[in-house]
Amino acid sequence: ELRRSWGARLEENDVDGLAKCLNNIAHKLRGIRYHRDNFEQVENATVDRFRTAHVPPAGVAVEERAPELLFELEGFLYQVKSSLDMAAWLLTASGLRSIGHSFGDHGDRVLKQLGSVPESCAAEADELRGLIESAQPVWIDQAVSFRDHIAHSGMLDEFRCFVQDPVLGTGNVSVHYPAMPG
């Protein structure tokens, strides 16, 4: 939306790197979509395999490992967190003081500095502040935490893929889809 509204003016006169920052954000957003789509493809392929000719083992619970799902989840969360960091950099490049390049503190520093912007952009800053505050408990906090745990540690031990309950005689067998821990 910013690209469309600012148009060619940014490319002609890239003041403080705004066009470059918007390009980086667009790249990150494509990365989010890429990893989300790949995750869905791998998950759907596994689900289709279960629906066609799957015979669960008798009398024992089984967990099927799917490292490709974990890889796509890692990539997805990394791109989400990186997009937030790029957005913080965009604010800095827009002249809203030196906000910094990270949402590593879940956006608290960005929120604090949005409270002391010049009067000329106070309305926009208030709107952005409201968006960030409403998103913090819903997904920013979780995205940062998951990204830190997965991307920095390289593992999500409790990420469980396609857990199959034991077969006890006849009837249906429950298969639990990929789930985050807790």
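Modeller: This is a predicted model, and within it β3 holds His176, which is the bridge partner of Val163.

Colleague: Why are β1 and β3 said to stand at the edges?

Modeller: The open sheet has 3 strands in the order β1-β2-β3, with antiparallel pairing. Because β1 (62-63) and β3 (175-176) each have a single partner strand, one side of each is left without a neighbour in the sheet.

Colleague: Why is Leu84 called buried?

Modeller: Its relative accessibility is 10%, and buried means under 20%, so Leu84 counts as buried. Leu84 lies in helix α4 and, leaving aside neighbours within four places in sequence, is in contact with Phe103, Trp139 and Ile140.

Colleague: Which residues touch the most other members of the largest nonpolar core?

Modeller: Of its 14 residues, these are Phe103, Val110, Leu114, Val117, Ile132 and Ile140. The elements giving two or more residues to this core are α4 (67-93), α5 (108-114) and α6 (122-153), and α6 gives the most, with 5 residues. Apart from this core lies another, of 10 residues, among them Phe39, Phe50, Leu73 and Leu77.

Colleague: Which residues does Ile140 touch, not counting those up to four places away in sequence?

Modeller: Ile140 touches Leu84, Phe103, His106, Ile132 and Ala135.

Technical notes
Residues are numbered from 1 along each chain as its sequence is written. This is a predicted model: local features need pLDDT of at least 70, side-chain atom pairs count only at pLDDT 80 or more; totals for chains, interfaces and linings use all residues. Side-chain values use heavy atoms; hydrogens and water are left out. Two strands pair if DSSP finds at least two bridges between them. Helices (H or I, at least four residues) and strands (E, at least two) are DSSP runs, numbered from the N terminus. A nonpolar core is a set of buried Ala, Val, Leu, Ile, Met, Phe, Trp, Tyr and Cys residues joined through side-chain atoms within 4.5 Å. Buried means under 20% relative accessible area, exposed over 50%, partly exposed in between (1.4 Å probe, protein chains only). Contact means heavy atoms within 4.5 Å.
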